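Biologist: I'd like to learn how to read aromatic rings and strands in a protein model. Can you walk me through it?

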Amino acid sequence: MKKVAVVDGFSSGKFIAKELHHRGCELVHISSSAQLDDYYYNGFDFSIYENALVHDVMDQTLAFIKKFGAEVIIAGAESGVMLADQLNHALALPYQNDFAKTSARRNKFDMIETLRAGGLKAAQQIAVSTWQDAQAWLDAQHYPVVLKPLESAGSDGVFICNSREETQRAFEQISKKKNKLNIINEAVLFQEYLKGTEYVVNFVSLAGNILVTEMVKYHKKKLDSGNIVYDIDEIIDASYPEFNALADYTRGVCACLGIKNGPSHAEVMLTADGPCLVEIAARSDGILRPDVACVTTGLGQLLATAIAITDPEKFMALTVAPYYRLKNHSFNVCLISPEQAVFAPDGFVSQLQTLGSFKKVEMYVADGNNVEQTKDVFSQPGTVYLVSHQKEQLWQDYATIRGLESAGAYYQHA
(Lines give C-alpha, C1' and ligand atoms only; values in the text may rest on other atoms or scores of the structure.)
Protein backbone atom coordinates (compact mmCIF):
# COMPACT_ATOMS: atom_id res chain seq x y z
CA MET A 1 0.00 0.00 0.00
CA LYS A 2 1.60 3.27 -1.18
CA LYS A 3 1.37 6.45 0.83
CA VAL A 4 0.86 9.40 -1.48
CA ALA A 5 0.73 13.13 -0.75
CA VAL A 6 -1.27 15.08 -3.34
CA VAL A 7 -0.58 18.80 -3.72
CA ASP A 8 -3.63 20.64 -5.05
CA GLY A 9 -5.57 17.55 -6.05
CA PHE A 10 -7.93 19.57 -8.21
CA SER A 11 -8.89 19.64 -11.89
CA SER A 12 -8.16 16.23 -13.47
CA GLY A 13 -5.80 15.52 -10.57
CA LYS A 14 -8.82 14.62 -8.44
CA PHE A 15 -9.41 11.62 -10.72
CA ILE A 16 -5.83 10.43 -10.29
CA ALA A 17 -6.30 10.71 -6.52
CA LYS A 18 -9.56 8.75 -6.67
CA GLU A 19 -7.91 6.00 -8.72
CA LEU A 20 -5.01 5.81 -6.26
CA HIS A 21 -7.53 5.57 -3.41
CA HIS A 22 -9.38 2.83 -5.32
CA ARG A 23 -6.07 0.94 -5.66
CA GLY A 24 -5.57 0.97 -1.91
CA CYS A 25 -3.21 3.92 -1.52
CA GLU A 26 -3.34 6.05 1.61
CA LEU A 27 -3.62 9.74 0.71
CA VAL A 28 -3.12 13.12 2.33
CA HIS A 29 -3.91 16.42 0.68
CA ILE A 30 -1.93 19.66 0.72
CA SER A 31 -3.43 22.89 -0.59
CA SER A 32 -0.60 25.08 -1.88
CA SER A 33 -2.23 28.28 -0.61
CA ALA A 34 -5.16 29.55 1.43
CA GLN A 35 -5.97 31.95 -1.43
CA LEU A 36 -6.69 29.45 -4.20
CA ASP A 37 -9.54 30.38 -6.53
CA ASP A 38 -12.85 28.66 -5.68
CA TYR A 39 -12.79 27.28 -9.22
CA TYR A 40 -10.32 24.63 -8.14
CA TYR A 41 -12.57 23.13 -5.48
CA ASN A 42 -15.37 22.21 -7.92
CA GLY A 43 -16.05 18.50 -7.43
CA PHE A 44 -13.31 18.08 -4.82
CA ASP A 45 -13.75 15.08 -2.49
CA PHE A 46 -12.07 15.35 0.93
CA SER A 47 -13.37 11.91 1.95
CA ILE A 48 -10.64 9.98 0.10
CA TYR A 49 -7.90 11.67 2.15
CA GLU A 50 -6.64 10.59 5.57
CA ASN A 51 -5.73 14.16 6.46
CA ALA A 52 -5.33 17.59 4.87
CA LEU A 53 -3.17 20.68 5.32
CA VAL A 54 -3.12 24.17 3.87
CA HIS A 55 0.52 25.03 3.16
CA ASP A 56 1.95 28.09 4.88
CA VAL A 57 5.40 27.39 6.38
CA MET A 58 7.66 24.90 4.58
CA ASP A 59 8.97 23.28 7.79
CA GLN A 60 5.42 22.61 8.97
CA THR A 61 4.42 21.09 5.63
CA LEU A 62 7.52 18.88 5.59
CA ALA A 63 6.78 17.74 9.15
CA PHE A 64 3.19 16.89 8.09
CA ILE A 65 4.46 14.77 5.18
CA LYS A 66 7.16 13.05 7.23
CA LYS A 67 4.67 12.13 9.96
CA PHE A 68 2.40 10.62 7.30
CA GLY A 69 5.35 8.77 5.75
CA ALA A 70 4.70 9.76 2.13
CA GLU A 71 6.51 7.64 -0.45
CA VAL A 72 5.28 9.69 -3.40
CA ILE A 73 4.34 13.36 -3.77
CA ILE A 74 2.42 14.46 -6.87
CA ALA A 75 0.85 17.69 -8.11
CA GLY A 76 -2.79 17.42 -9.06
CA ALA A 77 -3.07 20.84 -10.72
CA GLU A 78 -0.76 23.52 -12.10
CA SER A 79 -0.97 25.55 -8.90
CA GLY A 80 0.70 22.71 -7.01
CA VAL A 81 3.61 21.96 -9.36
CA MET A 82 6.20 24.23 -7.77
CA LEU A 83 5.43 23.17 -4.20
CA ALA A 84 5.46 19.49 -5.16
CA ASP A 85 8.89 19.99 -6.72
CA GLN A 86 10.18 21.69 -3.57
CA LEU A 87 8.81 18.98 -1.27
CA ASN A 88 10.16 16.15 -3.41
CA HIS A 89 13.58 17.78 -3.48
CA ALA A 90 13.65 18.43 0.28
CA LEU A 91 12.73 14.81 1.04
CA ALA A 92 14.86 13.30 -1.78
CA LEU A 93 12.01 11.05 -2.93
CA PRO A 94 12.68 8.97 -6.05
CA TYR A 95 9.44 9.86 -7.92
CA GLN A 96 10.43 13.41 -8.86
CA ASN A 97 11.69 15.58 -11.69
CA ASP A 98 15.04 17.36 -12.06
CA PHE A 99 14.92 20.08 -9.43
CA ALA A 100 17.54 22.17 -11.24
CA LYS A 101 14.97 22.66 -14.04
CA THR A 102 11.98 23.47 -11.84
CA SER A 103 11.83 27.12 -12.94
CA ALA A 104 11.98 26.10 -16.59
CA ARG A 105 8.95 23.88 -16.08
CA ARG A 106 6.86 26.77 -14.70
CA ASN A 107 8.26 30.05 -16.02
CA LYS A 108 7.34 30.16 -19.70
CA PHE A 109 10.26 32.39 -20.69
CA ASP A 110 12.77 30.11 -18.97
CA MET A 111 11.03 27.12 -20.54
CA ILE A 112 11.51 28.27 -24.11
CA GLU A 113 15.06 29.52 -23.53
CA THR A 114 16.01 26.15 -22.03
CA LEU A 115 14.76 24.42 -25.18
CA ARG A 116 16.70 26.84 -27.37
CA ALA A 117 19.88 26.18 -25.38
CA GLY A 118 19.24 22.45 -25.79
CA GLY A 119 19.08 22.74 -29.58
CA LEU A 120 15.31 22.25 -29.94
CA LYS A 121 13.10 24.43 -32.15
CA ALA A 122 11.80 27.31 -30.00
CA ALA A 123 9.75 30.48 -30.47
CA GLN A 124 11.28 33.97 -30.52
CA GLN A 125 10.36 35.88 -27.36
CA ILE A 126 11.06 38.56 -24.81
CA ALA A 127 9.88 39.06 -21.21
CA VAL A 128 9.39 42.65 -20.07
CA SER A 129 8.07 44.49 -17.04
CA THR A 130 7.35 47.82 -18.80
CA TRP A 131 5.71 48.65 -22.11
CA GLN A 132 8.75 50.68 -23.20
CA ASP A 133 11.00 47.62 -22.86
CA ALA A 134 9.04 45.82 -25.58
CA GLN A 135 9.30 48.47 -28.28
CA ALA A 136 12.51 47.41 -29.99
CA TRP A 137 11.44 43.76 -30.02
CA LEU A 138 8.04 44.65 -31.50
CA ASP A 139 9.71 46.74 -34.23
CA ALA A 140 11.47 43.59 -35.47
CA GLN A 141 8.33 41.39 -35.44
CA HIS A 142 5.49 40.67 -37.82
CA TYR A 143 1.96 40.67 -36.44
CA PRO A 144 0.20 38.87 -34.93
CA VAL A 145 2.15 38.43 -31.70
CA VAL A 146 1.20 36.52 -28.56
CA LEU A 147 1.13 37.98 -25.04
CA LYS A 148 0.77 35.91 -21.88
CA PRO A 149 1.79 35.86 -18.20
CA LEU A 150 5.08 34.15 -17.35
CA GLU A 151 3.26 31.74 -15.03
CA SER A 152 -0.39 30.92 -15.67
CA ALA A 153 -2.66 28.11 -16.82
CA GLY A 154 -5.69 27.39 -18.97
CA SER A 155 -5.39 30.30 -21.46
CA ASP A 156 -5.59 32.74 -18.54
CA GLY A 157 -4.31 36.10 -19.79
CA VAL A 158 -3.36 34.86 -23.27
CA PHE A 159 -3.91 37.31 -26.13
CA ILE A 160 -3.23 37.22 -29.86
CA CYS A 161 -2.64 40.80 -31.03
CA ASN A 162 -2.74 42.13 -34.60
CA SER A 163 -1.50 45.70 -34.03
CA ARG A 164 0.58 47.75 -31.65
CA GLU A 165 -2.60 49.22 -30.17
CA GLU A 166 -4.02 45.75 -29.44
CA THR A 167 -0.68 44.71 -28.02
CA GLN A 168 -0.53 47.64 -25.62
CA ARG A 169 -4.10 46.99 -24.44
CA ALA A 170 -3.26 43.35 -23.82
CA PHE A 171 -0.07 44.29 -21.96
CA GLU A 172 -2.04 46.58 -19.67
CA GLN A 173 -4.60 43.84 -18.97
CA ILE A 174 -1.86 41.37 -17.97
CA SER A 175 0.85 43.46 -16.29
CA LYS A 176 0.82 43.61 -12.47
CA LYS A 177 -2.52 41.75 -12.30
CA LYS A 178 -3.08 38.66 -10.16
CA ASN A 179 -3.69 35.60 -12.34
CA LYS A 180 -5.73 32.47 -11.62
CA LEU A 181 -2.73 30.79 -10.01
CA ASN A 182 -2.73 33.58 -7.41
CA ILE A 183 0.52 35.00 -8.85
CA ILE A 184 1.11 38.69 -9.63
CA ASN A 185 2.21 39.12 -13.27
CA GLU A 186 5.40 41.06 -12.58
CA ALA A 187 6.47 40.64 -16.22
CA VAL A 188 4.69 39.89 -19.50
CA LEU A 189 5.86 37.39 -22.09
CA PHE A 190 5.84 38.51 -25.74
CA GLN A 191 6.22 35.69 -28.28
CA GLU A 192 6.18 35.30 -32.02
CA TYR A 193 2.93 33.88 -33.33
CA LEU A 194 3.56 30.31 -34.43
CA LYS A 195 1.67 29.50 -37.61
CA GLY A 196 0.35 26.00 -37.91
CA THR A 197 -1.95 23.55 -36.15
CA GLU A 198 -1.76 23.18 -32.39
CA TYR A 199 -1.78 19.79 -30.71
CA VAL A 200 -1.77 18.39 -27.21
CA VAL A 201 0.76 15.65 -26.48
CA ASN A 202 0.12 13.93 -23.14
CA PHE A 203 2.74 11.64 -21.62
CA VAL A 204 3.23 9.71 -18.41
CA SER A 205 6.87 9.13 -17.44
CA LEU A 206 8.53 6.75 -15.01
CA ALA A 207 12.29 7.02 -14.45
CA GLY A 208 12.54 8.68 -17.86
CA ASN A 209 10.54 5.96 -19.67
CA ILE A 210 7.64 7.55 -21.55
CA LEU A 211 4.15 6.38 -22.48
CA VAL A 212 2.07 8.44 -24.93
CA THR A 213 -1.46 8.53 -23.52
CA GLU A 214 -3.31 11.10 -25.65
CA MET A 215 -2.65 13.17 -28.72
CA VAL A 216 -5.25 15.84 -29.39
CA LYS A 217 -5.82 18.43 -32.09
CA TYR A 218 -6.85 21.79 -30.65
CA HIS A 219 -9.54 23.98 -32.11
CA LYS A 220 -9.52 27.43 -30.46
CA LYS A 221 -11.47 30.65 -30.91
CA LYS A 222 -10.35 34.24 -30.71
CA LEU A 223 -13.03 36.37 -29.05
CA ASP A 224 -13.78 39.98 -29.93
CA SER A 225 -11.92 40.92 -26.72
CA GLY A 226 -8.72 39.40 -28.14
CA ASN A 227 -8.79 36.54 -25.62
CA ILE A 228 -8.24 33.00 -26.83
CA VAL A 229 -10.52 30.24 -25.56
CA TYR A 230 -10.75 26.51 -26.16
CA ASP A 231 -13.40 25.35 -28.63
CA ILE A 232 -12.87 21.63 -29.34
CA ASP A 233 -10.33 19.04 -28.23
CA GLU A 234 -10.26 16.37 -30.96
CA ILE A 235 -8.39 13.19 -30.15
CA ILE A 236 -6.32 11.72 -33.01
CA ASP A 237 -5.09 8.21 -33.78
CA ALA A 238 -1.51 6.89 -33.78
CA SER A 239 -1.88 6.24 -37.52
CA TYR A 240 -2.06 9.97 -38.30
CA PRO A 241 1.04 11.16 -40.22
CA GLU A 242 1.89 13.86 -37.65
CA PHE A 243 1.77 11.50 -34.65
CA ASN A 244 5.39 10.33 -34.56
CA ALA A 245 6.95 13.74 -35.28
CA LEU A 246 4.95 15.32 -32.44
CA ALA A 247 5.75 12.49 -30.02
CA ASP A 248 9.48 12.50 -30.84
CA TYR A 249 9.80 16.28 -30.46
CA THR A 250 7.92 16.22 -27.14
CA ARG A 251 10.20 13.46 -25.84
CA GLY A 252 13.07 15.86 -26.48
CA VAL A 253 11.23 18.61 -24.63
CA CYS A 254 10.73 16.38 -21.57
CA ALA A 255 14.40 15.39 -21.57
CA CYS A 256 15.50 19.01 -21.91
CA LEU A 257 13.24 20.18 -19.05
CA GLY A 258 14.03 17.31 -16.71
CA ILE A 259 10.57 15.69 -16.72
CA LYS A 260 11.33 12.13 -15.61
CA ASN A 261 8.33 11.06 -13.54
CA GLY A 262 4.60 11.66 -13.65
CA PRO A 263 2.17 13.13 -16.17
CA SER A 264 3.04 15.94 -18.56
CA HIS A 265 0.74 18.02 -20.75
CA ALA A 266 2.40 19.67 -23.76
CA GLU A 267 0.90 22.08 -26.26
CA VAL A 268 2.86 21.87 -29.49
CA MET A 269 2.41 23.82 -32.72
CA LEU A 270 3.04 21.82 -35.88
CA THR A 271 4.53 24.48 -38.14
CA ALA A 272 5.81 24.25 -41.71
CA ASP A 273 9.29 23.75 -40.19
CA GLY A 274 8.21 21.04 -37.78
CA PRO A 275 6.92 20.89 -34.20
CA CYS A 276 7.55 23.83 -31.86
CA LEU A 277 6.56 24.01 -28.20
CA VAL A 278 3.89 26.46 -27.08
CA GLU A 279 4.25 25.35 -23.45
CA ILE A 280 4.35 22.24 -21.28
CA ALA A 281 3.13 21.49 -17.77
CA ALA A 282 4.39 18.79 -15.41
CA ARG A 283 0.88 17.63 -14.44
CA SER A 284 -2.14 15.99 -16.03
CA ASP A 285 -4.32 17.49 -18.76
CA GLY A 286 -7.14 19.28 -16.96
CA ILE A 287 -9.99 18.32 -19.29
CA LEU A 288 -9.46 14.53 -19.15
CA ARG A 289 -12.05 12.20 -17.65
CA PRO A 290 -11.48 8.46 -16.99
CA ASP A 291 -14.80 7.23 -18.39
CA VAL A 292 -14.19 9.07 -21.67
CA ALA A 293 -10.65 7.67 -21.93
CA CYS A 294 -12.07 4.17 -21.41
CA VAL A 295 -14.11 4.38 -24.63
CA THR A 296 -11.54 6.31 -26.70
CA THR A 297 -7.95 5.15 -26.07
CA GLY A 298 -8.86 2.54 -23.46
CA LEU A 299 -6.28 3.78 -20.96
CA GLY A 300 -5.56 7.50 -20.77
CA GLN A 301 -3.21 9.69 -18.77
CA LEU A 302 -5.13 9.58 -15.48
CA LEU A 303 -5.22 5.78 -15.16
CA ALA A 304 -1.68 5.46 -16.56
CA THR A 305 -0.38 7.80 -13.83
CA ALA A 306 -1.99 5.67 -11.14
CA ILE A 307 -0.54 2.50 -12.70
CA ALA A 308 2.95 4.05 -12.79
CA ILE A 309 2.73 4.72 -9.04
CA THR A 310 1.06 1.51 -7.88
CA ASP A 311 2.24 -1.07 -10.44
CA PRO A 312 5.50 0.15 -12.02
CA GLU A 313 6.26 -3.21 -13.67
CA LYS A 314 2.96 -3.12 -15.56
CA PHE A 315 3.60 0.47 -16.58
CA MET A 316 7.10 -0.30 -17.86
CA ALA A 317 5.68 -3.13 -19.96
CA LEU A 318 3.30 -0.64 -21.60
CA THR A 319 6.22 1.65 -22.53
CA VAL A 320 8.08 -1.23 -24.18
CA ALA A 321 5.05 -2.15 -26.33
CA PRO A 322 3.36 1.29 -26.58
CA TYR A 323 -0.31 1.22 -25.72
CA TYR A 324 -2.15 3.72 -27.85
CA ARG A 325 -5.17 2.86 -29.94
CA LEU A 326 -8.20 4.92 -30.80
CA LYS A 327 -11.40 2.90 -30.35
CA ASN A 328 -13.73 5.86 -31.00
CA HIS A 329 -13.45 9.47 -32.10
CA SER A 330 -14.21 12.12 -29.52
CA PHE A 331 -14.67 15.87 -29.15
CA ASN A 332 -14.46 17.70 -25.86
CA VAL A 333 -16.62 20.74 -26.61
CA CYS A 334 -15.88 23.68 -24.31
CA LEU A 335 -18.90 25.88 -23.70
CA ILE A 336 -18.40 29.56 -24.53
CA SER A 337 -20.93 31.81 -22.82
CA PRO A 338 -21.77 34.78 -25.11
CA GLU A 339 -22.82 37.03 -22.21
CA GLN A 340 -23.29 37.26 -18.46
CA ALA A 341 -26.58 35.77 -17.31
CA VAL A 342 -28.23 33.56 -14.72
CA PHE A 343 -27.32 29.92 -15.28
CA ALA A 344 -30.23 27.51 -15.82
CA PRO A 345 -28.77 24.40 -17.53
CA ASP A 346 -31.51 21.77 -17.07
CA GLY A 347 -33.26 22.30 -20.41
CA PHE A 348 -29.93 22.53 -22.21
CA VAL A 349 -28.76 19.26 -20.66
CA SER A 350 -31.99 17.55 -21.71
CA GLN A 351 -31.37 18.63 -25.29
CA LEU A 352 -27.75 17.45 -25.14
CA GLN A 353 -28.91 14.00 -24.09
CA THR A 354 -30.74 13.59 -27.40
CA LEU A 355 -27.52 13.97 -29.43
CA GLY A 356 -26.24 10.82 -31.10
CA SER A 357 -22.69 11.18 -29.79
CA PHE A 358 -23.45 12.53 -26.32
CA LYS A 359 -21.33 10.90 -23.60
CA LYS A 360 -21.52 13.31 -20.65
CA VAL A 361 -21.55 16.97 -19.67
CA GLU A 362 -19.85 18.69 -16.75
CA MET A 363 -20.99 22.11 -15.60
CA TYR A 364 -18.73 24.37 -13.56
CA VAL A 365 -21.46 26.82 -12.52
CA ALA A 366 -24.33 25.97 -10.16
CA ASP A 367 -27.91 26.30 -11.30
CA GLY A 368 -29.19 29.79 -10.40
CA ASN A 369 -25.73 31.36 -10.13
CA ASN A 370 -24.39 33.97 -12.52
CA VAL A 371 -22.43 32.68 -15.49
CA GLU A 372 -19.81 35.10 -16.81
CA GLN A 373 -19.18 36.04 -20.41
CA THR A 374 -16.41 33.61 -21.34
CA LYS A 375 -12.91 35.09 -21.63
CA ASP A 376 -10.68 32.17 -20.58
CA VAL A 377 -10.85 28.54 -19.44
CA PHE A 378 -11.83 29.60 -15.92
CA SER A 379 -14.96 31.36 -17.18
CA GLN A 380 -16.10 28.57 -19.50
CA PRO A 381 -19.30 27.27 -17.90
CA GLY A 382 -18.85 23.62 -18.81
CA THR A 383 -17.59 20.90 -21.15
CA VAL A 384 -19.63 18.53 -23.30
CA TYR A 385 -17.97 15.18 -24.06
CA LEU A 386 -18.96 13.64 -27.39
CA VAL A 387 -17.92 10.13 -28.47
CA SER A 388 -18.75 8.31 -31.70
CA HIS A 389 -17.34 5.82 -34.17
CA GLN A 390 -18.31 8.32 -36.88
CA LYS A 391 -16.59 11.70 -36.91
CA GLU A 392 -19.40 13.18 -39.00
CA GLN A 393 -21.73 12.62 -36.06
CA LEU A 394 -19.41 14.63 -33.82
CA TRP A 395 -19.39 17.62 -36.19
CA GLN A 396 -23.17 17.50 -36.52
CA ASP A 397 -23.67 17.43 -32.77
CA TYR A 398 -21.05 20.14 -32.23
CA ALA A 399 -22.99 22.45 -34.58
CA THR A 400 -26.19 21.74 -32.63
CA ILE A 401 -24.46 22.63 -29.34
CA ARG A 402 -23.19 25.96 -30.66
CA GLY A 403 -26.64 26.74 -32.05
CA LEU A 404 -28.27 26.06 -28.69
CA GLU A 405 -25.63 28.15 -26.96
CA SER A 406 -26.17 31.11 -29.28
CA ALA A 407 -29.89 30.91 -28.52
CA GLY A 408 -29.17 31.18 -24.77
CA ALA A 409 -30.24 27.60 -24.02
CA TYR A 410 -28.52 27.52 -20.63
CA TYR A 411 -29.62 30.99 -19.53
CA GLN A 412 -32.58 31.75 -17.29
CA HIS A 413 -35.29 33.57 -19.22
CA ALA A 414 -37.88 35.84 -17.69
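This is a predicted model: local features need pLDDT of at least 70, side-chain atom pairs count only at pLDDT 80 or more; totals for chains, interfaces and linings use all residues.

Biologist: How do I describe two rings together, and what kind of pair do Phe44 and Tyr49 make?

Modeller: In general, you describe a pair of aromatic rings by the distance of the centres and the angle of the planes. For Phe44 and Tyr49, the ring centres are 5.8 Å apart and the planes sit at 20 degrees, so this pair is stacked. Planes under 30 degrees apart count as stacked, over 60 as edge-to-face.

Biologist: What does an edge-to-face pair look like here?

Modeller: Take Phe348 and Tyr410: they are edge-to-face, with 5.1 Å from centre to centre and 70 degrees between the planes. Phe348 belongs to helix α12 (residues 346-352) and Tyr410 to the segment after α13, so the pair ties together parts that are 62 residues apart in sequence.

Biologist: How many aromatic pairs does the structure hold, and which residues form a cluster?

Modeller: There are 18 aromatic pairs in the structure. One aromatic cluster is formed by Phe10, Tyr40, Tyr41, Phe44, Phe46, Tyr49 and Phe378.

Biologist: Back to Tyr410: is this residue buried or exposed?

Modeller: Tyr410 has a relative accessibility of 1%, so it counts as buried. Buried means under 20%. Phe348 is buried as well.

Biologist: Which residues does Tyr410 touch, leaving out those up to four places away in sequence?

Modeller: Among them are Leu335, Ile336, Val342, Phe343, Phe348, Pro381 and Glu405. Ser337 is also on that list, and its backbone nitrogen lies 3.4 Å from a polar atom of the Tyr410 side chain. Gly252 is another story: its C-alpha atom is separated from that of Tyr410 by 44 Å, and the two residues are 158 residues apart along the chain.

Biologist: Now strands. Which residues cover the two faces of strand β4?

Modeller: In a regular strand the side chains alternate between the two faces of the sheet. In β4 (residues 72-75), Val72 and Ile74 are on one side, Ile73 and Ala75 on the other, and all are buried, leaving both faces covered.

Biologist: What is the sense of the pairing between β1 and β4?

Modeller: Strand β1 (residues 3-7) pairs with β4 in the parallel sense, over four bridges. You can look for Val4, which stands opposite Val72 in β4.

Note on methods. Residues are numbered from 1 along each chain as its sequence is written. Side-chain values use heavy atoms; hydrogens and water are left out. Buried means under 20% relative accessible area, exposed over 50%, partly exposed in between (1.4 Å probe, protein chains only). Contact means heavy atoms within 4.5 Å. A polar contact is a pair of N or O atoms within 3.5 Å; within protein, one must be able to donate a hydrogen and the other to accept it, and residues adjacent in sequence count only if both atoms are side-chain atoms. Rings of Phe, Tyr and Trp (its six-membered ring) pair if their centres lie within 6.5 Å; planes under 30 degrees apart count as stacked, over 60 as edge-to-face and the rest as tilted. Two strands pair if DSSP finds at least two bridges between them.
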